[in-house]
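This briefing is written to be read beside the sequence and the coordinates.

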Amino acid sequence: IGSLHIIDKDSSATFTATTEAALLIEEDLLFSCQDLQKAYRLWKQYPDRMVGFFAFHYSLQKQPENQHSLEKVSNYGNSYSMISDRAAFVNQSYLNLLHQTTKERAPCQNIELSIQISSLTGKPPLRVIGTFPETRSSEPYLRHQQALEEERMTKSSTCLSSLFEKNNLKVLPLEELTYLSK
């Protein structure tokens, strides 16, 4: 169990709380405190699930050879079955699963933890829609990142199918609720 130190900016008072939550977040992402609070509160209601911001769904393609394909979920009403670990709250007890993840930088490595947690719990992750602040990145950098993302999504079918096999899964549980950060 870890501790969380909260500083009230208005009164300069400091509060300490214990939590079993772990926040996984990549350094290039920015979130408002309100978005992170919403995700944390949702995680507190469902501590056995992964709660994050970037959702995915998969489909089974009959050709070639029953491969899975990964699809990014961008609309509010769409169902999803995976959450990226780029920005997510998980129970600390799941952190040891990170050490068991694929060693090479596989195209779907960032969803592997979500698949493992759903495999253990039989429950889907939960998605929070946040209000992402505008970032000031150059156009060439943004184009490069978009090209990398498109390449990763294209290459995901092989590793996604192997993750299903590795975790003895035929399907993942679906979630249709999206929580808005307001």
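In this predicted model, Asp 85 is in contact with Leu 24, Met 50, Leu 98, Gln 109, Asn 110 and Leu 113, once its neighbours within four places in sequence are left aside. Asp 85 is found in the loop between β7 (82-83) and β8 (87-91), and its relative accessible area of 18% falls under the 20% limit, so Asp 85 counts as buried.

**Helix α3 and its end**

- Helix α3, which spans residues 109-121, is mostly covered, with ten of its 13 residues buried.
- Just after α3, Gly 122 takes a positive phi of about 75°.

**Salt bridges**

- A search of the whole structure finds three salt bridges, and they are taken one by one below.
- Glu 26 forms a salt bridge with Arg 86, in which the closest N and O atoms are 2.9 Å apart.
- This pair links distant parts of the chain, since Glu 26 sits in the loop between β3 (21-25) and α1 (33-45) while Arg 86 sits in the loop between β7 and β8, 60 residues apart.
- Glu 26 counts as partly exposed because its relative accessibility is 29%, and Arg 86 counts as partly exposed because its relative accessibility is 21%.
- Asp 48 forms a salt bridge with Lys 123, and here the closest N and O atoms are 2.6 Å apart.
- Because Asp 48 lies in the loop between α1 and β4 and Lys 123 in the loop between α3 and β9 (126-129), the pair ties together parts that are 75 residues apart in sequence.
- With a relative accessible area of 23%, Asp 48 is partly exposed, and Lys 123, with a relative accessible area of 33%, is partly exposed as well.
- Lys 166 and Glu 112 meet through their side chains in a salt bridge, at 2.9 Å from N to O.
- That pair also links distant parts of the chain, with Lys 166 in helix α4 (residues 139-166) and Glu 112 in helix α3, 54 residues apart.
- Lys 166 counts as partly exposed at 45% relative accessibility, whereas Glu 112 counts as buried at 0%.

**Aromatic rings and charges over them**

- The structure holds three aromatic pairs, one of which is formed by Phe 31 and Phe 53 and is tilted, at 4.3 Å centre to centre and with 35° between the planes.
- Phe 31 lies in the loop between β3 and α1 and Phe 53 in the loop between β4 and β5 (55-61), so this pair ties together parts that are 22 residues apart in sequence.
- Both Phe 31 and Phe 53 are buried.
- Tyr 40 and Trp 43 form an aromatic pair that is stacked, at 6.2 Å centre to centre and with 20° between the planes.
- Because Tyr 40 and Trp 43 are three residues apart in helix α1, about one helical turn separates them.
- Tyr 40 and Trp 43 are each buried, and together with Phe 89 they form one aromatic cluster.
- Arg 49 lies over the face of Tyr 46, at 5.2 Å from the ring centre.
- Arg 86, the salt-bridge partner of Glu 26, lies over the face of Phe 54, at 5.6 Å from the ring centre.

**Surroundings of Glu 175**

- Glu 175 is found in the loop between α4 and β10 (178-180), where it is buried with a relative accessible area of 12%.
- Not counting residues up to four places away in sequence, Glu 175 touches Arg 49, Asn 78, Ser 79, Tyr 80, Pro 124, Pro 125 and Leu 126.
- Glu 175 and Met 82 are 93 residues apart in sequence, yet their C-alpha atoms are 9.0 Å apart in space.

**Confidence**

- The mean pLDDT of the chain is 77, and 69% of its residues reach 70 or more.
- Where pLDDT is low, the predicted coordinates should not be read in detail.

Notes
Residues are numbered from 1 along each chain as its sequence is written. This is a predicted model: local features need pLDDT of at least 70, side-chain atom pairs count only at pLDDT 80 or more; totals for chains, interfaces and linings use all residues. Side-chain values use heavy atoms; hydrogens and water are left out. Helices (H or I, at least four residues) and strands (E, at least two) are DSSP runs, numbered from the N terminus. Buried means under 20% relative accessible area, exposed over 50%, partly exposed in between (1.4 Å probe, protein chains only). Contact means heavy atoms within 4.5 Å. pLDDT is the predictor's confidence in each residue, from 0 to 100. A salt bridge is a side-chain nitrogen of Lys or Arg within 4 Å of a carboxyl oxygen of Asp or Glu. Rings of Phe, Tyr and Trp (its six-membered ring) pair if their centres lie within 6.5 Å; planes under 30 degrees apart count as stacked, over 60 as edge-to-face and the rest as tilted. A charge sits over a ring if NZ of Lys or CZ of Arg is within 6 Å of the ring centre and within 35 degrees of the ring normal.
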